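Could you walk me through this one, feature by feature? I'd like the general idea first, then the case at hand.

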Amino acid sequence: MAKTLYHKHIDSHTIARLDDDGHVLLYIDRQVLNEYTSPQAFSGLRQAGRKVARPQAQLTVVDHVNPTTPNRIALVTDSQAARQISYLAENCRDFGLEHLDILDVHQGIEHVVAPELGFILPGMVVAAGDSHTTTYGALGAFGFGIGTSQIEHLLATQTLVYKQLKTMRVTLSGALGPWVSAKDIIMALVAKIGADGATGYAIEFAGSTVKDISVEGRMTICNMAVEAGARGAFMAPDDKVFAYLKDKPRAPKGELWDQALAQWQQLYSDPGAHFDQEVALDVGALAPMVSWGTSPDQATTIGGAVPNDADAQHRRALDYMALSPAQALSGLAISHAFIGSCTNARIEDLRLAAQVAKGRKVAKGVRALVVPGSSAVRRQAEAEGLAQTLMEAGFEWRQSGCSMCLAMNDDVLGPGDRCASSTNRNFEGRQGAGARTHLMSPAMVAAAAITGALVDVRTLMEESV
Amino acid sequence: MRPFDVETGIAAPYGAANVDTDVIMPKQFLKGIDRSGLDKGVFFDQRFLHDQPNPGFILNQAAWQQAAFLVVGPNFGCGSSREHAVWGLMQLGIRAIIGSSFAGIFFDNCQRNGLLLIELPEPETAALLARVSHPQHNRLTINLGAQRISADGMADIAFEIDGLRKAAILAGQDAIGVTLQRAADIAAFEQRYLGERPWL
């Protein structure tokens with residue numbers, strides 16, 4: 001029978017079927033852990049006298065609470081953050097897990113670091129205590145976020161009790177216009193189907209456009225699928241993915257690579273496979289997107305306006321964001337610009353931002369931060385001259401981490417600050433209590449930083465031709 | 001995990017859509033290494049104004065401040081995976097949440113802690129939300145065994161729940177212990193699976 005990619009993954013990882021409601025005992029290939037969702041899981045293991053079933057299947061990273069100051073040192077002044085960091089190191093020592101601490105040469109955001117190390121491979125099922133684990137779908141792995149109790153379960157058993165999802169295929173067609181990016185595709189999809197439009201589903205992105213998008217862009221799309229409620233998002237791995245993985249430190253080598261590749265090439269949805277829901281999106285018609293509200297689905301094109309209706313949900317969002325019904329988004333003044341996060345802090349994102357910033361200056365009164373997704377991205381951006389370009393334009397050049405995406409470290413916005421942000425969530429208080437976040441692509445953030453207001457990056461770049 | 005069978009208590013209405021876990025448990029409460037003290041953080045930015053209880057917030061009002069249940073809007077618990085949101089709600093005394101849809105990770109986190117989530121069709125949720133918004137009609141009885149919600153002067157509401165979930169919450173089960181009973185199956189699977197994928 002024709003199978004979807006999702007079902008190929010679930011079937012190959014099912015140890016036992018547990019009932020007729022779709023629950024299975026699922027084998028998990030790899031887990032990525034961070035400092036803030038894992039402490040209670042390790043404490044639970046200790047209390048119950050349990051061991052880690054498969055230490056070599058775990059990778060642990062400090063990314064959420066670490067400072068990103070340029071002269072970062074091991075000493076973290078926030079005592080609670082320091083305790084989480086030291087407890088993770090202690091747990092990794094005691095249980096024998098690989099650990100990337102804050103001064104490690106590979107330090108960075110878990111969803112940036114794990115792919116760049118080759119820790120995530122096609123065909124894997126991967127779980128992590130972070131909702132953006134969906135990112136790994138770009139590599140043909142099935143990744144999904146879990147809570148702390150499940151982290152403990154996974155550490156102890158290498159399995160999870162798992163209820164199978166419904167499947168949704170999102171077919172992307174058409175060619176992206178200039179300065180329209182993967183971020184705009186996923187923002188448009190979330191706006192189209194809603195913040196709960198894919199709740200209960202695994203999304204497979206298919207269609208002619210997917211092959212045109214880089215592996216990094218694909219990660220951006222899969223990363224934000226969770227903002228539509230998807231518990232996982234896939235793209236069938238292709239030659240671009242295989243080229244991306246080849247020679248990564250943890251990827252198989254030699255004969256093992258050939259064996260792996262032969263299996264990975266079978267990872268696609270069979271022709272005629274049934275999907276529970278189908279959605280189509282013509283990306284040729286897209287314009288750069290910006291969010292106006294406090295949910296990622298409250299977004300429209302930069303040429304658009306906030307809705308002009310009396311919906312209570314919209315009123316609350318507009319009140320928080322200090323916007324009026326029907327207000328145009330272009331021209332809205334910002335106080336901050338942030339390029340970072342597991343959604344958009346990879347090298348390609350920084351290249352685009354630097355291209356916009358080159359020869360320009362950040363507007364007076366705007367504070368603009370660039371926080372690379374990993375130490376490797378940071379080094380590469382410095383080698384390519386991107387860091388210099390961004391700094392000359394007036395951007396702050398920081399160390400890697402989650403930083404102002406969720407503001408668990410010192411990078412926090414104040415009440416009323418309005419931020420153009422390359423991140424994934426515009427929730428109330430997300431970047432700081434009372435802070436106002438507008439989501440957009442890194443190129444759009446850079447353009448907003450330069451002009452001091454939300455602006456169509458295409459206009460800015462045309463003007464200078 | 002404390003078992004849940006039949007419980008009677010006050011239900012508080014909280015009808016907004018897409019309530020995310022950043023709102024349920026803001027970031028400043030995520031920096032501990034244990035589970036304690038999280039009741040303070042629940043809905044912090046809405047529950048407190050300058051560290052004083054906000055009288056306008058539903059759980060600060062006399063009729064609902066002892067709430068054991070919440071009746072919520074669609075897509076409750078979306079966003080971050082932080083289980084702290086569930087621990088905080090339980091420390092505040094919340095035993096069950098009734099809504100039309102819940103985000104996936106939040107759903108799993110509740111299950112793991114024995115916080116009962118009940119999914120009802122949108123019209124039934126809306127009717128229940130309207131009902132418990134009246135201080136005189138805010139008490140409900142939830143009978144998990146019989147899969148029913150009842151209250152004085154209201155026709156019983158039946159709800160669906162997976163057998164596996166129901167059994168685990170009724171028993172207050174240690175999920176890891178249950179899985180470890182299958183250790184031999186897991187080992188056999190792992191040996192075959194890794195044998196077919198030597199690069200792992």
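**Cysteines, sheets and a hairpin**

A: Let's start with Cys402(A): this residue is buried, as its relative accessible area is 7%. Buried means under 20% relative accessible area, exposed over 50% and partly exposed in between, using a 1.4 Å probe and protein chains only. Before we go on, keep in mind that this is a predicted model, where local features need pLDDT of at least 70, side-chain atom pairs count only at pLDDT 80 or more, and totals for chains, interfaces and linings use all residues. As for bookkeeping, residues are numbered from 1 along each chain as its sequence is written, chains are lettered from A and ligands numbered from 1 in the order in which they are written, and side-chain values use heavy atoms, with hydrogens and water left out.

Q: Where does Cys402(A) lie, and what is it in contact with?

A: Helices (H or I, at least four residues) and strands (E, at least two) are DSSP runs, numbered from the N terminus. Cys402(A) sits in the loop between strand E17 (396-397) and strand E18 (418-421) of chain A. Contact means heavy atoms within 4.5 Å.

Q: Which residues does UniProt place in the feature "binding site"?

A: UniProt positions are given in the numbering used here, feature names are shortened, and annotations may be inferred rather than shown by experiment. The record, an unreviewed entry, lists Cys342(A), Cys402(A) and Cys405(A). They are spread over 64 residues of sequence, yet they cluster in space, with a largest C-alpha distance of 8.8 Å.

Q: Is Cys342(A) buried or exposed, and where is it found?

A: Cys342(A) counts as buried because its relative accessibility is 7%. You'll find it in the loop between strand E15 (336-339) and helix H12 (347-357) of chain A. Again leaving out neighbours within four places in sequence, its contacts include His111(A), His132(A) and Asn424(A). Cys405(A) is buried too, at 6% relative accessible area.

Q: How many disulfides does the structure hold?

A: A disulfide is a pair of cysteine sulfur atoms within 2.5 Å. Over all chains, the structure holds zero. For Cys402(A), the nearest cysteine sulfur belongs to Cys342(A), 6.7 Å away. For Cys405(A), the nearest is also that of Cys342(A), at 6.1 Å.

Q: In what order do the five strands of the open sheet in chain A come?

A: Two strands pair if DSSP finds at least two bridges between them. Here the order is E17-E16-E15-E18-E19 (chain A), with parallel pairing. E17 and strand E19 (436-439) of chain A are the edge strands, each pairing on one side only. Strand E16 (residues 367-370) of chain A joins E17(A) over two bridges in the parallel sense, and Val370(A) stands opposite Trp397(A) in E17(A).

Q: Which residues make up the covered face of strand E7 (residues 139-143) of chain B?

A: In a regular strand the side chains alternate between the two faces of the sheet. In E7 of chain B, Leu140(B) and Ile142(B) form the covered face, while Arg139(B), Thr141(B) and Asn143(B) form the uncovered one.

Q: What does E7(B) pair with?

A: Strand E1 (residues 6-14) of chain B pairs with E7(B) in the antiparallel sense over five bridges, and Gly9(B) has Leu140(B) as its bridge partner. E7(B) also pairs antiparallel with strand E8 (residues 148-151) of chain B, over three bridges. E7(B) and E8(B) form a hairpin with four residues between them, and Gln147(B) in the turn has a positive phi of about 55 degrees.
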